Amino acid sequence: MTEVKRRRRARGGGGDGAPVVPDAKFSSYYGRPVLKAAPWEKDIPAYLFLGGLAAGSSLLAAGADVTNRPALRRSGRLGALGAITLSLAALVHDLGKPSRFLNMLRVAKPTSPMSMGTWILSLYGPAAGVAGAAELVALAPRWIDRLLPRWARWLLTVLSTPAGLSAAAIAPAVASYTSVLLADTATPSWHEARRELPFVFVGSAAAASGGLGLLAAPLAEAGPARRLAVTGAVAELAVSSRMERSMGLAAEPLHQGTAGTLIRASRALTATGALGALAGSRSRVVSAISGAALLAGSACTRFGIFEAGQASARDPKYTVVPQRNRIDAAQ
Amino acid sequence: MTELFGPDPSVASSAGWADPPPRKGFFTDTSVCIGCKACEVACKEWNGVPDDGFNLLGSSYDNTGALGASTWRHVAFIEQPRRSGNEQQFFSELPVGPSATDALNRAGDAALSGDRSALGTNTEAVAIQAVPPTELPESGEPRDEIRWLMSSDVCKHCTHAACLDVCPTGSLFRTEFGTVVVQDDICNGCGYCIPACPFGVIDRRTGDPGTKNVGIAQKCTLCYDRLESGHLPACAQACPTESIQFGDLDELRVRAQARVDALHEAGVSSARLYLDDPNDGIGGAGAFFLLQDDPEVYGLPPDPVVTTRDLPQMWQQAGLAAVSLLAGAVAAFVGRKR
Ligand code: SF4
């Protein structure tokens, strides 16, 4: 048994004799973690980012379709198709037995966010796929065009709007369920974020997809992307700080190590991107750069939250101290 | 339909078994554990569990580290300069000076490098460096207070098992005995059960492609095959001191209470039951323990709560967030030209 004492420097304390917060003293078994961290690689945070990007892009594309903004529609549908294809590849790649991927469809279990997510993606994927394929075919050079039977072209054209609208209808679920995927674990920094994390994730999805719209669509059509991006970024930043306040000790890993670096980068990129998007409504270049910053910011948010959770599972402090405090408070 | 939280007197019926046998479980009485590790060995032998590395971990006699995909029983060793109860110490020549345990533990600790969270699962990730020299304490007054806590840890077979709740393939299931078992031929290795378990029990097996069940989630089955043919689980059969007791859960709980009372009478005031209470955060465990110190001293969470208790709240928040996103997207298009 080892009694671990940790000293933390109080934040904001100045000078040499910086005040020290009281020792967080707790017992552990030779300092070993109580929990196991998820065995997930970078695939999963990449999926969190791409899933959000796809969802927001489908929403923008549907709106653009209805309001007659063809360039914004095209970038949205193509963005959604690309992002969802990559995310499915990431999901399968992360399995211990990729060949058994389809076992996910054996059951539909509301107690398993991953099961629900699989079904949500099974509905969303084909819809976003058809809408994206219609855009691809329209862009393709003539010789590829000729390879497609005429009825297939016709079918894609007819189906593109209903498919795009269906994708948009399911998209909000695609963007928000991933927060439950993380929160429904014993991992302290994910579980303790459960109240606000869905809002952080949809904000991040809106910022990323708005960012893609700003990057890809001409100024004349980019208005909705700009508004979605700015709203999303502001929501993400505001809810994140609220989330950190409600997480207690489990907020600490968000400020340390790799996670800390990523979260700081995400704040900076998201804030700069949002300001740039607001200021640059007359400049194609400023809009595009802001869009890229928002995309990068969203990716950093997902990787940062992912890493913070992993760090919180690897250190017994985040498991033991809050539980011990709970017992002491009840007595 | 199973509830997500609270007591459940018949887990097997809630899971859909008609007329199940009484719920089975383990009562691990750590006060009689002698640390022989017969349970670790018997478990590996019977279940054909591959080796989990041959390491010297520098943590007393524990060279296993933690439960994992290839470690379904784990014996913890804790040395404390403390007396258990009213017992006579039977050293003929008492050790002198302060205990060297802490210094040795620290040296052992410093010798470990790499990803320790992989201990017991992927020991290649943990490297053992040369153990640094330790300053052993000077001799002093004779010391007559020492106790050694040993405890054989195992999957808790929770009443509300987070691993089972979150499993997206239905590979993890509740048996007719009320235990929680992975179906090896269905698991696709998604890994979700691993961060879900509040005890860090279940893990995905790593190793060469030829390794049995590599890439899928593995843990104690409470010897499902042996139970079906009326045998004791291998660990309980092998335990020479009956520290691991197997039986009907209701009966084990009564026996455990009697044992704590007897220990308290013998002056072992630190004896307490862990995970025996159906009103706790996991609805009580199928495998519960008699401990002699706080759970965290043994590497166990002091007040575990099944994550799915909060799932309705999480889905509700996610629903609200989804609606907000939809509203935000609609608002982005409404009213303005550009
Ligand atoms: S201890 Fe962990 S692996 Fe065992 S039943 Fe409970 S949640 Fe599942």
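Let's start inside chain B: at 1% relative accessibility, His157(B) counts as buried, where buried means under 20% relative accessible area, exposed over 50% and partly exposed in between, with a 1.4 Å probe and protein chains only. This is a predicted model, in which local features need pLDDT of at least 70, side-chain atom pairs count only at pLDDT 80 or more, and totals for chains, interfaces and linings use all residues. Residues are numbered from 1 along each chain as its sequence is written, chains are lettered from A and ligands numbered from 1 in the order in which they are written, and side-chain values use heavy atoms, with hydrogens and water left out.

**Chain B and its backbone**

- Chain B has nine helices and twelve strands; helices (H or I, at least four residues) and strands (E, at least two) are DSSP runs, numbered from the N terminus.
- Of the 338 residues in chain B, 55% are buried.
- Taking contacts in chain B between residues at least 6 apart in sequence, 68% join residues at least 24 apart; a contact means heavy atoms within 4.5 Å.
- His157(B) sits in the loop between strand 5 (147-153) and helix 4 (162-166) of chain B, and its phi is near 45°, a positive value in a residue other than glycine.
- Leu222(B) also has a positive phi, near 50°, and is not a glycine. Its place is the loop between strand 9 and helix 6 (224-228) of chain B, and it counts as buried at 1% relative accessibility.
- Pro209(B) is found in the loop between strand 8 (203-204) and strand 9 (217-218) of chain B. With a relative accessible area of 80%, Pro209(B) is exposed.

**Aromatic rings**

- Over all chains, the structure holds twelve aromatic pairs. Rings of Phe, Tyr and Trp (its six-membered ring) pair if their centres lie within 6.5 Å; planes under 30 degrees apart count as stacked, over 60 as edge-to-face and the rest as tilted.
- One of these is the tilted pair of Tyr61(B) and Phe77(B), at 5.9 Å centre to centre and 50° between the planes. The pair links distant parts of the chain, 16 residues apart: Tyr61(B) is in the loop between helix 2 (38-47) and strand 2 (74-80) of chain B, and Phe77(B) is in strand 2. Phe77(B) is buried, at 3% relative accessibility.
- Tyr274(B) and Phe289(B) also pair: their ring centres are 6.4 Å apart and their planes are at 50°, so the pair is tilted. Because Tyr274(B) lies in strand 11 (residues 272-274) and Phe289(B) in strand 12 (residues 287-291) of chain B, the pair ties together parts 15 residues apart in sequence.
- Tyr274(B) is buried at a relative accessible area of 5%, and Phe289(B) is buried at 1%.
- Trp40(A), Trp190(A), Phe306(A) and Tyr192(B) are linked by ring pairs into a cluster.

**Charges over rings**

- Arg73(B) lies over the face of Phe26(B), 4.6 Å from the ring centre. A charge sits over a ring if NZ of Lys or CZ of Arg is within 6 Å of the ring centre and within 35 degrees of the ring normal.
- Arg309(B) lies over the face of Phe5(B), at 5.4 Å from the ring centre.

**The ligand shell**

- The ligand is surrounded by 14 residues, and the closest are Cys155(B), Lys156(B), Cys158(B), Cys163(B) and Cys197(B); a residue is near a molecule if one of its heavy atoms lies within 4 Å of it.
- This shell divides into eleven nonpolar, one polar and two charged residues. Ala, Val, Leu, Ile, Met, Phe, Trp, Tyr, Cys and Pro count as nonpolar, Asp, Glu, Lys and Arg as charged, and the others, Gly among them, as polar.

**Where the chains meet**

- Chain A brings 73 residues to the contact and chain B brings 89 residues.
- About 6600 Å² is buried between chain A and chain B, with carbon and sulfur atoms giving 59%; buried area is the accessible area (1.4 Å probe) that two parts lose on being put together, summed over both.
- On the chain A side, Tyr29(A), Tyr30(A) and Lys36(A) lose the most area to chain B, together 13% of what that side buries.

- Leu278(A), in helix 9 (residues 257-279) of chain A, is exposed at a relative accessible area of 54%.
- Arg227(A), in helix 8 (residues 223-246) of chain A, is buried at a relative accessible area of 17%.
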